[in-house]
Amino acid sequence: RVKGIILLDEAELEKFKILAKEKNIETPALGTINQMVEILKATRPEEVIISTDIYNHLQLMNIVAECSESGYKVNIEPDLYSIFTGQTRTQSLYGIPLIEIKTQLLKPWQETIKRIFDIIFSFLVLIVGLPFWLLIALLVKIDSPGAVIFKQSRVGKFGKEFLMYKFRSMRSASKEEKELWTSVNDVRVTRIGKFIRKTHLDEIPQFFNVLIGDMSVVGPRPELVKVVEEISKEIPYYKRRLIVRPGITGWWQVKYQPYEYGVEEIKNRLKDDFYYIENLSLQLDFEIIVRTVWCVIKGHGQA
């Protein structure tokens, strides 16, 4: 496994060749930027350094996203820092100042604490509230024909698909209706469905998803497979939001505004998803949970 790879444009490559010659460093050219994915897979470097005078914003975001998914450390020159957000630390290589982009969002002990909290919190919610959840299930069944639990395939961490569970809040739909986006005051929402959607109680079965590791209590919302595929074609760095487990609640949910569910709305959520990812911490998770409790009390969900 190689120590590191340096991504350079032609101008920077010439500069680095001169520096390398002075420092007596071997600098083999492995290929072009378009071959980056194949080069990373072949060499599996410990870190990647990016240096360019003329940069493409989208291309750089894609490079960092690719490195993040594979666990490679990323460093950039300070002039490129305006493209990225999040916590960083400076260092240097042969006198060249660099800024490290954190691809490991939480330290291992923090990840462990977050997972332990997810398990304990979800278990308590499901067990302590069991009588009430059974009552909701009964009301859903009485209110309209159909299954009590609604199951739908969603995209989780690293693009893994899983079945997400919710209390059914809409009448059983035909195949054509299932393909429709949910709208404000949707006529398909049942009477009990309006209540559990306003109070977010329809989300309770997702704590089972948290227990088995498909989701976290806090994180970006898991989206439909077709939505992820569609948006990823238009916004390649969208997949950066898949480097964390999706959550029952998140930064976007606690900043809620009425919306029409659709592709454009999901794009608008990206800034909140990336804010959460780039500022991920146990403290932020705690703040979101406290805000979520207040949101549930206010009944600010969309029916």
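**View 1. Aromatic pairs in the predicted model: phenylalanine 132 and tryptophan 133**. The count of aromatic pairs in this predicted model comes to 5. Phenylalanine 132 is partly exposed, because its relative accessibility is 39%. Tryptophan 133 has a relative accessibility of 12% and therefore counts as buried.

**View 2. The stacked pair of tryptophan 251 and tyrosine 275**. The ring centres of tryptophan 251 and tyrosine 275 lie 5.1 Å apart, and their planes form an angle of 25°. This pair links distant parts of the chain, since tryptophan 251 belongs to helix 10 (residues 251-254) and tyrosine 275 to helix 11 (residues 263-278), 24 residues apart. Tryptophan 251 is buried, because its relative accessible area is 11%, whereas tyrosine 275, at 38% relative accessibility, is partly exposed.

**View 3. A cluster of phenylalanine rings**. Phe117, Phe121 and Phe207 are joined into a cluster by ring pairs.

**View 4. Arginine 269 over the face of tryptophan 252**. Arginine 269 is placed at 3.9 Å from the ring centre of tryptophan 252.

**View 5. The contact of helix 5 with helix 7**. The axes of helix 5 (residues 130-143) and helix 7 (residues 191-198) cross at roughly 145° and come within 8 Å. Helix 5 contributes Ile136, Leu139, Val140 and Asp143 to the contact, and helix 7 contributes Arg191, Ile192, Gly193 and Ile196. Sorted by class, the contact has 5 nonpolar, 1 polar and 2 charged residues.

Note on methods. Residues numbered from 1 in each chain as written. Predicted model: local features only at pLDDT ≥ 70, side-chain atom pairs only at ≥ 80, totals over all residues. Heavy atoms only, no water. Axes fitted to C-alpha atoms, helices over the stretch in contact; angles between N-to-C directions. Helix = DSSP H or I, 4+ residues; strand = E, 2+ residues; numbered from the N terminus. Contact = heavy atoms within 4.5 Å. Nonpolar A, V, L, I, M, F, W, Y, C, P; charged D, E, K, R; others polar. Phe/Tyr/Trp six-rings, centres within 6.5 Å; stacked < 30°, edge-to-face > 60°. Buried < 20%, exposed > 50% of the residue type's maximum accessible area, 1.4 Å probe, protein only. Lys NZ or Arg CZ within 6 Å of the ring centre and 35° of its normal.
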